Amino acid sequence: MRYLVSFLILALLCTAAPALAVEGLVTGTGDPAQDVANVQAALDKGGTVHLRGTFDFGAEGRVKITRNVRILGQADGSGLPLTTINGGSWTLYAPLPHDDAPPAGTGPIIAVRSLHFDGARGTPLHFAHAGGLEVVGCEVENVIPQESAIERNDGDKLSVQAGIVIGNRLVHPKEPLKGAVTGTLLIAENRFYMINDHPDMVAGFGVLADWTTGAEMTVRDNIVTRASRNGIEVLDNALDGKGRGAIVIRGNRIATDDEGIEYPHKFGPNGIVAGWYFDTTGGVDFGRNNRISLTGNRIEGRGENSTGLLLYANDLVVTCNDVIMAGGDGARGIVQTGSRGFFANNRVRGKANYALYCYPFEALSATANTFAWTDLGLFTGSRGQALLGGKVNVVVGSVPSLIDKGQGNRVVETEPCSLPEADPEGESWEPAE
């Protein structure tokens, strides 16, 4: 119900409030100078902006979003976008009022639908400041990697390529800026094709959503292909002062690249990375830790050190995910570092070091997790099927090859069960004495 209310609020704000402004129609000319200027002029008025045809933003073209706006392209009968924007650098960009300080007020409410982005630099969709966001039915391809302000361990700047960026990670990489992005966020039914020529040197992401505040975030039904770092990264997203915030990641289809950059660690490229990594104390702090659920995602981990689900938080709910591993020497299916997680009816197939890997990391203690009925019938573990660190974790179901390096962990070998059909009770029913 909470998500429904939040979504309705976003819909009303995106439709009712901007409707006070005149709706605009912009048609692409193929001239970067005209296309950028025409789209910027329409966005400055706010309201609903319809984009038609093909636009050329050149190598560096960018429009800034500072007002509530709905940007609508055209789609064909199957939902594929017909409106194309070629080029650009952070093509659609919602900037912070100041890149080095938390914003004084809530950002604009933005909706983007049915646009095809081809050949942008860095990312075509960058939202550093937003009070609500909806990106639905878009397609992104041929993103050109761009040097960022993020410093690698060797001091070089990190080269980044992303389908969409949410939060201030790229513009203020030192720390999150409270309130930079908040509200209801919906990223759905998009296609992110993230192939690049140097996956070992580029941090490639389909969805990069870090450092939001009080966000009700849903990332669902997206296709992410060949990201060289993380298909979907959702990290260090905090509750606000009123305890608001939740994250749902469901129904996405992700295939990693065959190799990836070893930053910030060697494990990758990965399918979904969620929780708290930059400050792991947030993942154990009930007042900051945004509640996260992951369900119904299908992930192919193709790299030597790939992980299907790499998780860094307490109180996760992880159900009905299908993880396929290609047999890398350092690969792992599902990694849980947090505590009190509930994992049920997930499937891991293919080959990896382990299907389940539950082990502490920094402030995260890998304690009291439940792993129920993980389907490992088509999985081969080069070291084992599951490794348990931490304490008092429970595996429900059969795991023939389990390595226990923790304390108080146990396996309950119980098959999945279903109750008999509940027949309607007749007059002949008598209570038991």
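1. Leaving aside residues up to four places away in sequence, F127 touches I65, A94, I110, V112, L133, V135, I164, V165, I166, G167 and V181, a contact being heavy atoms within 4.5 Å. This is a predicted model, in which local features need pLDDT of at least 70 and side-chain atom pairs count only at pLDDT 80 or more, while totals for chains, interfaces and linings use all residues. Residues are numbered from 1 along each chain as its sequence is written, and side-chain values use heavy atoms, with hydrogens and water left out.

2. F127 and V112 have the most contacts inside the largest nonpolar core, which has 77 residues. Such a core is a set of buried Ala, Val, Leu, Ile, Met, Phe, Trp, Tyr and Cys residues joined through side-chain atoms within 4.5 Å; buried means under 20% relative accessible area (1.4 Å probe, protein chains only). Helix α2 (residues 32–45) supplies the largest share of this core, 4 residues.

3. A second, separate core has 18 residues, including W90, V165, A203 and Y263. Over the protein, buried residues account for 55% of the 433 residues.

4. The secondary structure comprises 2 helices and 38 strands, assigned as DSSP runs (helices H or I, at least four residues; strands E, at least two) and numbered from the N terminus.

5. Of the contacts between residues at least 6 apart in sequence, 72% join residues at least 24 apart. The C-alpha atoms fill a box of roughly 80 × 65 × 40 Å along the principal axes.

Technical notes:
Buried < 20%, exposed > 50% of the residue type's maximum accessible area, 1.4 Å probe, protein only.
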